[in-house]
Amino acid sequence: MNNALLVVLIASGVAYGTPLLYGALGELLAERSGVLNLGVEGMMLVGAVMAFWTVQKVTGSSALALVLGVLVAAFSGAVMAAIHAFLVVTLRASQIVSGLALTIFAGAVGLSSYLGSDLNLADKPAAHTFHAIFPASMQGWPIVGPIVFGQNPLVYASWVCVIAVGYYLARTRPGLSVRAVGESPGAADAMGIDVVKYRYVHTIVGGAFAGVAGSTFTLALTPQWVNGITGGAGWIAIALVIFAFWRAELCLVGAYFFGALQALAPELQARNISLGPTELWTNSTPYVATVVVLVLVSWRGAARRLGAPASLGVPYVREEG
Amino acid sequence: MRLTVERRLEQPRWLGLVVPVVSVVFALLVAALVLLATGHDPLSSYRQLFDAAFLSTGSIDQTLIAATPLAFTGLAAAAAFRMRVFNIGAEGQLYLGAIVAAAAGLYLGGRGGASPGVIAAMVVAGAGGGAAWAAIPGVLRAFFRTSEILTSLMLNYVAGYLLTYLIFQSESYWRQTTGFNAKVFPTGKPLPSNAVWPPWLLHAQGGIDLPLGAGIALLAALALWVLYRRTRFGFEVQVLGDSEGAARYAGVRTRRKILAVMAISGALAGIGGASQVGDFAHALDGDPNGLQKQGYGYSGIVVAALGRYNPFAVLLIAFLIGGLDNAGNTLQGANFPSGLVGVIQGIILFSALGGELLVRHRPRVVRRASVAEATPLPGAVQ
């Protein structure tokens, strides 16, 4: 039963979807505060390489090394995001160009590659990796075994993050303020909310999430360092935020859907099932679906109902607000 | 004492030149610190870099190969961004240009057409393919008010998977299906010789091959400059970029203009794709680690931003960034820190973006006392 196509797809969808989920939660926080950060791919890669480096260096218990690895990844992602925040919030640079610059600076031809070769990380297995924590007998339970109990701790931590981010944005006062800043920074400013501080904090925390997303590659999914290991996951994470109508809980659903699509083509091939040009449509679906959602949310009034921040991508200048 | 900035009423022209130059110098200094901190000798790294980019024999040839696609995608981004249409889909438009141009070259070349005719058809086909792909986000923006930023970005990936599909996952018209190599590794069908773009030999540095595409890029830059600076169309589009409301009151047909700008931008990127096929690859390159790894479309935006969206500056910057890219590729592994080129490019761009603030704004030191004066009076318009 646990070999049924659907069970395998959902289980691997959860595994492959986890980096997308972390990346999307981070981007969600930044976008809700009105900052579009196209540098997710770059931040992820720096997080991935730094997490890998940390677990190679730390001696001692595996758990300590892994926790440190994730924390270092979060910190490096946050540092990358701080560059973007400084440029777009303080210096009012174009968010699009700055985000792309961040991906070039940090990405597969930039800093992450520099660090990977300079710290001599290529072609080595990770010294410590995340494993499933539940006993093998529970992982064998029908359906819930592989899907729920066969995952690593980063997956369970991401569920906590979804609840935390969702609760924060919907139910807390600072969360409400972030949304105000993303919707109408001028009005938020008049209410006494520090627009600049909010945008900095959420962009930087968003970067930390992207760093953790990167660490899920090098510490769990494919535990080694290869240049450009994230393979475009950062861009899917950006798409995912839109696909999920800027909501944390829908990010989870979308991440697992996109993750399952990534697993679909090899699974079908292994089972000798042919559904047309499988790789073409499974790979393209996340992007096409996001375009469709973008068209839907741009219908008059729909954007506001569905949660698109009205001031996304617009710099805030008090004198000109 | 507090440092604030205020908007300049007039932007001094010299700053437009100083900012990029200072950005490059600043980037080289910061990267030198990074190199020092990680135990490399910055001077020797830089010497290697400039040798490989511009000085050693054959380096200019390689730099031109890297610069030509950047010139097209840079012009594509400049054509759109200048008019506040944010087409970041040059990457995908370049792929589609390559696909359609390769089809034209294979078909017309195979029928034995005269070479200039076949090449001209490839240019037109590439432009058409790029423009058609750009028209998707263009139509969505013009008729559904959907932000073209994200739609054009998403379509890049769809185009990339289509390109891979045509060569790797299907027996399409573009794929080489006969011969020994075709069974070992999937490749594109080679163009017939009358569809290959001839380079133009320059007698300097032991002979430099100037790709035909580089010449076309020069003409395209000229055409773009004339179109935006000297025609009614260019003026109307500029008004639209500054204020959509004003343009509409003035009777500008905004939908058509947005579509036209998207199509022009896409066509430029598409010719870049045609040049990839005709000038360099001589077949459609569907390898996910080939053309798609280069990221010409994204670097083009960087090139355009550094050139401040001026077509001629874009060409110059494309040459310089192309040199860096070429050096990064040539020096890979050979005792040269990998990723350095991306780091330098990133810092150049960060500082150019930061410097842009100084072009548009003037820094001013405000004394604490005057903060009270700056508080708006009740009823003042914010």
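Predicted model: local features only at pLDDT ≥ 70, side-chain atom pairs only at ≥ 80, totals over all residues.
1. The contact between the chains. Chain B puts 42 residues into the contact and chain A puts in 39 residues. On the side of chain B that touches chain A, the elements giving two or more residues are helix H5 (115-144), helix H6 (148-168), helix H13 (296-306) and H15 of chain B. Of these, H15(B) gives the most, with 13 residues. Sorted by class, this side of chain B has 26 nonpolar, 14 polar and 2 charged residues.

2. Helices H1 and H15 of chain B. Two packed helices are described by the angle between their axes and the distance between the axes. Helix H1 (residues 13-37) of chain B packs against helix H15 (residues 340-360) of chain B at an angle of about 140°, and the axes are 8 Å apart. That angle makes H1(B) oblique to H15(B), because an angle has to be over 145 degrees to count as roughly antiparallel. The crossing of H1(B) past H15(B) is right-handed. Sorted by class, the residues of this contact are 19 nonpolar, 4 polar and 1 charged.

3. Helices H4 and H11 of chain B. Helix H4 (residues 90-110) of chain B and helix H11 (residues 254-281) of chain B cross at roughly 50°, and their axes come within 6 Å. H4(B) and H11(B) are therefore oblique to each other. Their crossing is right-handed. The residues of H4(B) that meet H11(B) include Ala90(B), Gly97(B), Ala98(B), Ala101(B), Ala102(B) and Gly105(B). From H11(B), the residues taking part include Gly266(B), Ala269(B), Gly270(B), Gly272(B), Gly273(B), Ala274(B) and Gly278(B). By class, the contact of H4(B) with H11(B) has 11 nonpolar, 9 polar and no charged residues.

4. The nonpolar core. The largest nonpolar core has 233 residues. The residues with the most contacts inside this core are Ala24(A), Leu25(A), Leu240(A), Cys251(A), Leu75(B) and Val314(B). Helix H3 (residues 59-81) of chain B supplies the largest share of the core, 15 residues. What does Cys251(A) touch, leaving aside its neighbours within four places in sequence? Cys251(A) is in contact with Leu21(A), Ala24(A), Leu25(A), Leu28(A), Val162(A), Leu240(A), Val241(A) and Ala244(A).

5. Helix H9 of chain A. In helix H9 (residues 173-183) of chain A, the buried residues are Val178(A), Ala180(A), Val181(A) and Gly182(A). They are covered by elements that include helix H1 (5-32), helix H8 (153-171), helix H10 (185-190) and helix H11 (195-221) of chain A.

6. Most residues other than glycine have a negative phi, and most peptide bonds are trans. In chain A, Arg92(A) has a positive phi, near 60°, and Trp246(A) has a positive phi of about 60°. Arg92(A) sits in the loop between helix H3 (62-90) and helix H4 (95-106) of chain A. Trp246(A) sits in the loop between helix H12 (233-243) and helix H13 (248-270) of chain A. Are these residues buried or partly exposed? Arg92(A) counts as partly exposed, because it has 19 C-beta neighbours inside 10 Å and a buried residue needs 20 or more. Trp246(A) is buried, with 24 other C-beta atoms within 10 Å.

7. Leu5 of chain A. Leu5(A) is placed in helix H1 of chain A. Leu5(A) is partly exposed, with 13 other C-beta atoms within 10 Å. Leaving aside neighbours within four places in sequence, Leu5(A) is in contact with Glu267(A) and Arg271(A). Leu5(A) and Arg271(A) are 266 residues apart in sequence, but their C-alpha atoms are 8.9 Å apart in space.

8. Ile167 of chain B. Ile167(B) is buried, with 23 other C-beta atoms within 10 Å. Not counting residues up to four places away in sequence, Ile167(B) touches Trp174(B), Arg175(B), Pro186(B), Thr187(B), Gly188(B), Leu284(B) and Gly286(B). The C-alpha atoms of Ile167(B) and Gly16(B) are separated by 44 Å, and the two residues are 151 residues apart along the chain.

Terms used
Residues numbered from 1 in each chain as written. Chains lettered and ligands numbered in written order. Axes fitted to C-alpha atoms, helices over the stretch in contact; angles between N-to-C directions. Helix = DSSP H or I, 4+ residues; strand = E, 2+ residues; numbered from the N terminus. Parallel < 35°, antiparallel > 145°, perpendicular 65-115°, else oblique. Left-handed = near helix turned anticlockwise from the far one by under 90°. Nonpolar A, V, L, I, M, F, W, Y, C, P; charged D, E, K, R; others polar. Contact = placed C-beta atoms within 7 Å. Core = buried A, V, L, I, M, F, W, Y, C linked by C-beta atoms within 7 Å. Buried ≥ 20, exposed ≤ 12 C-beta atoms within 10 Å, placed from the backbone.
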